[in-house]
Amino acid sequence: MNSFFLDQHGCAKNQVDGEILMTRLLDKGFSRAEDPKDANLILINTCGFIESAKQESLESVFAAREEYPDAKIVLCGCLAERYAEVFSEELSSEVDAILGNGDLSLLDEVVDELNQGKTHILKIAPQIGVCSQERKTLLGFPNSAYVKITEGCNNCCSFCAIPVIRGNLRSRSEEEIILEIKNLIAKGIFEINLVGQDLAAFGRDGIPVGNSNHPSYFEGKSPLASLLDKISTIQGDFWIRLLYIHPDNFPQDILPVIANDKRILPYFDIPFQSGDDKIIKDMNRKGSAQKYIQLVEKIRSSQQNSFYNDVALRTTFLCGFPGETEENAKNTVEFLKNIQSDWSGCFAYSREDDTVAGEMKKQVSAKKSKSRCDALTELQTQITQEKLKRHVGKIYKVLIEEIIPTEEEEGGIAIGRAWFQAPEVDGATVIYYDLDDENQCKQIQPGKVVNVKIQGVSSVDIYGIME
């Protein structure tokens, strides 16, 4: 074997794992194929979070075996970790090896054994530490990267299988994270997105979740605030964005750190999941709708005198949780109207093995769950369109993702993102520029940062011209 193809699925955290797997293969002398037909080793890095994602990953396995019968296929990622023993039997004809995500360095052994002619290989390791190393190839947009600062989760939300798949919370050291960020900046990376199952839990390994009486919650600075302080000492022009902060653990001492450094974006991704107190409690969360509303108000007021004088709020809602009534669902609608989030995602509840909610009575039908998702999505679209209007007339730095081919008479069009738009999940900034302007054409390149004056709103996107 001398060439590989990575079929990547799942979230940003799984993407980091995929980038590590790619780097290990490159270090072993493999070349990366852009098309699976040109590879003799295919890695399928699966997602195991909800039913639709699991189904998509399995369909990729079956398709790969059918279309590329001579290739060696390795099943990786969350789904492989969660059902390793089952798949070693049931997918014995489809995959040659199964690799868990507890220790990604075991890929080296998998490849060596495949080269020796072995099959039915199973490599699963305990969930200890955080798999990390320098990544030679990034899968995201140009000059944008994810940095994983934690692995696993102790929150144990009743609907979520992440603790089953990824294990208990483990945090990387500040020194290791800072070194990785510095190395990425030295390579020209402008946007760095910190990810973990719950960034608020960073450095709190072993501390009971939501225990406000624990000394770590009120003595000294939170570990996340300490990390951000150290990031602020790094020289250079870059963006730091924090993704996924559990509302019950939100460390409010990060707010002044963010307000005092324009490079740490006031973008808050807080998955509230529900706006109904009963459902919040049944989800094994410690807060309430009113507490979450107060948290949003605190966050917004903290940034009123900051560089941006603004906040971008993203959240997530889960619809159709077991026992959710029409009244519960209406309370979540009212909650969304109250917090007026800039962005939100919505997904239907998926009954997961080995979770508390999976054993609950009064499971909600898929049709009803989807209907509630659709209603929240429609409401969020209306809110987003209205909130985006506040950006019209302002000038923002925009990180360019891609250039859209056009006819010369139509002018140039590029797609990028401003500070309030996270990769993959939010709307975009459409940039119009003059194809006859040599200077503008030189600046408009994927990965470059340009100044754009916003002229209007189109659905959930904004558009403007170069300044």
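This is a predicted model: local features need pLDDT of at least 70, side-chain atom pairs count only at pLDDT 80 or more; totals for chains, interfaces and linings use all residues.
The helices come first. Two packed helices are described by the angle between their axes and the distance between the axes. For helix H11 (residues 289-302) and helix H12 (residues 326-339), the axes come within 10 Å and cross at roughly 15°. Because angles under 35 degrees count as roughly parallel, H11 is roughly parallel to H12. The crossing of these two helices, H11 and H12, is right-handed. On the H11 side the contact is made by Ala 289, Tyr 292, Ile 293, Val 296 and Arg 300, which meet Phe 335, Asn 338 and Ile 339 of H12. Of the residues in this contact of H11 with H12, six are nonpolar, one is polar and one is charged.

H12 also packs against helix H13 (residues 366-388), with axes that come within 10 Å and cross at roughly 15°. That angle makes H12 roughly parallel to H13. The crossing of H12 and H13 is right-handed. Here H12 contributes Glu 326, Ala 329, Thr 332, Val 333, Leu 336 and Lys 337, while H13 contributes Lys 368, Arg 372, Leu 376, Leu 379, Gln 380 and Ile 383. The residues of the contact of H12 with H13 comprise six nonpolar, two polar and four charged.

Next come the spaces in the model. The largest pocket holds about 1300 Å³ of space. Its lining consists of 48 residues, and those nearest the centre of the pocket are Cys 11, Lys 13, Phe 49, Tyr 244 and Phe 347. Several elements each supply at least two residues of this lining: helices H1 (12-27), H2 (51-67) and H6 (162-166), and strands S12 (264-269), S13 (312-319) and S14 (343-348). H1 gives the largest share of the lining, four residues. By type, the lining of the largest pocket divides into 25 nonpolar, 15 polar and eight charged residues.

A search of the whole structure also finds six cavities of 30 Å³ or more. In the second largest cavity there is about 60 Å³ of space. Helix H4 (84-90), strand S5 (97-99) and strand S6 (121-123) each supply at least two residues of the lining of this second largest cavity. Among the residues that line the second largest cavity are Phe 87, Ser 88, Asp 96, Ala 97, Ile 98, Ile 121 and Leu 122. Seven residues of the lining of the second largest cavity are nonpolar, three are polar and one is charged.

Notes:
Residues are numbered from 1 along each chain as its sequence is written. Side-chain values use heavy atoms; hydrogens and water are left out. Axes are lines fitted to C-alpha atoms, for helices over the stretch in contact, and angles run from 0 to 180 degrees between N-to-C directions. Angles under 35 degrees count as roughly parallel, over 145 as roughly antiparallel, 65 to 115 as roughly perpendicular and the rest as oblique. A crossing is left-handed if the near helix is turned anticlockwise from the far one by less than a right angle, and right-handed if clockwise. Contact means heavy atoms within 4.5 Å. Ala, Val, Leu, Ile, Met, Phe, Trp, Tyr, Cys and Pro count as nonpolar, Asp, Glu, Lys and Arg as charged, and the others, Gly among them, as polar. On a 1 Å grid over the protein atoms alone, a cavity is a set of points where a 1.4 Å probe fits but cannot get out, and a pocket is an open set with protein on both sides within 12 Å along at least five of seven lines; lining residues have an atom within 4 Å of a point. Grid points are joined across faces, edges and corners, and a volume is the space filled by probe spheres set on the points.
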